[in-house]
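Student: Could you walk me through this one? I'd like to work from the overall layout down to the rings.

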Amino acid sequence: MSDATLHATTQDPDDFAVQISDQIESFLVAVGEVAKGDEPDSAVPFLLLEVSQLLLAGGRLGAHEDIVPDERYEPDLGPEPDADELRERLAVLLEPVDVYSEVFDPYEPRKAPVACRISDDLANVVADLRHGMAHYRAGRVVEALWWWQFSYFSNWGSSASGALRALQSLVAHVRLNQPLEALDGLDTDEDLADDDLAEAAGRVMAEEIAAPLGLRTTP
């Protein structure tokens with residue numbers, strides 16, 4: 001099934017698969033455009049909007065009954081696009097606020113926060129979504145929905161949620177004129193406890209990052 005067939009006017013726009021694929025495709029295109037760096041002044045607000053909208057699709061997939069693929073084994077998709085270039089472009093664009101602290105499982109007690117990167121999160125999300133989109137464009141709609149649902153629970157849902165919390169917190173710090181605790185120079189590969197994270201965190205005033213990232217402080 002071709003792209004033209006998948007998006008033909010005879011296809012019901014209210015169909016669940018069409019709506020989910022449209023939201024995912026919109027996110028993929030939007031993040032790719034942001035990563036080009038042509039409009040750095042609007043990067044953070046735009047990413048906040050796009051990740052928020054994507055998680056609506058994720059919530060719908062999560063609330064949907066289990067989707068069972070047509071085939072027992074996933075068809076081979078061949079070589080897949082590398083997300084490393086996207087990751088690197090986003091890391092440069094989001095410096096110095098790319099690194100943030102995150103607790104992966106809020107129901108697992110006494111776990112110290114770990115250092116994460118928004119650029120890593122978004123690149124991982126894009127890789128998962130592209131994988132499902134390859135199935136969708138090949139006409140394997142159920143396979144695509146199954147992959148998007150499965151990977152939402154296992155990977156991209158938590159990555160997108162972490163990025164959303166970081167982006168929302170960043171916007172809130174700036175709009176409320178509050179100092180931002182930046183993980184300055186923290187290595188995301190390090191396994192650090194709470195005290196180490198606090199020691200590694202540097203003070204960066206919101207006004208120093210607001211203009212380059214398209215944010216405005218309140219008067």
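Tutor: Ground rules: the model is predicted, with local features needing pLDDT of at least 70 and side-chain atom pairs 80 or more, while totals for chains, interfaces and linings use all residues. Residues are numbered from 1 along each chain as its sequence is written, and side-chain values use heavy atoms, leaving out hydrogens and water.

Student: What pattern does the chain follow along the sequence?

Tutor: Helices (H or I, at least four residues) and strands (E, at least two) are DSSP runs, numbered from the N terminus. The chain has 8 helices and 4 strands. Read in order, they give α-α-α-α-β-β-α-α-β-α-β-α.

Student: What percentage of the residues count as buried?

Tutor: Buried means under 20% relative accessible area, with a 1.4 Å probe and protein chains only. The chain has 219 residues, and the buried share is 39%.

Student: How are the rings of Tyr-136 and Trp-148 arranged?

Tutor: Rings of Phe, Tyr and Trp (its six-membered ring) pair if their centres lie within 6.5 Å; planes under 30 degrees apart are stacked, over 60 edge-to-face, the rest tilted. The structure holds 6 such pairs. For Tyr-136 and Trp-148, the centres are 6.1 Å apart and the planes 35° apart, so the pair is tilted.

Notes
Buried < 20%, exposed > 50% of the residue type's maximum accessible area, 1.4 Å probe, protein only.
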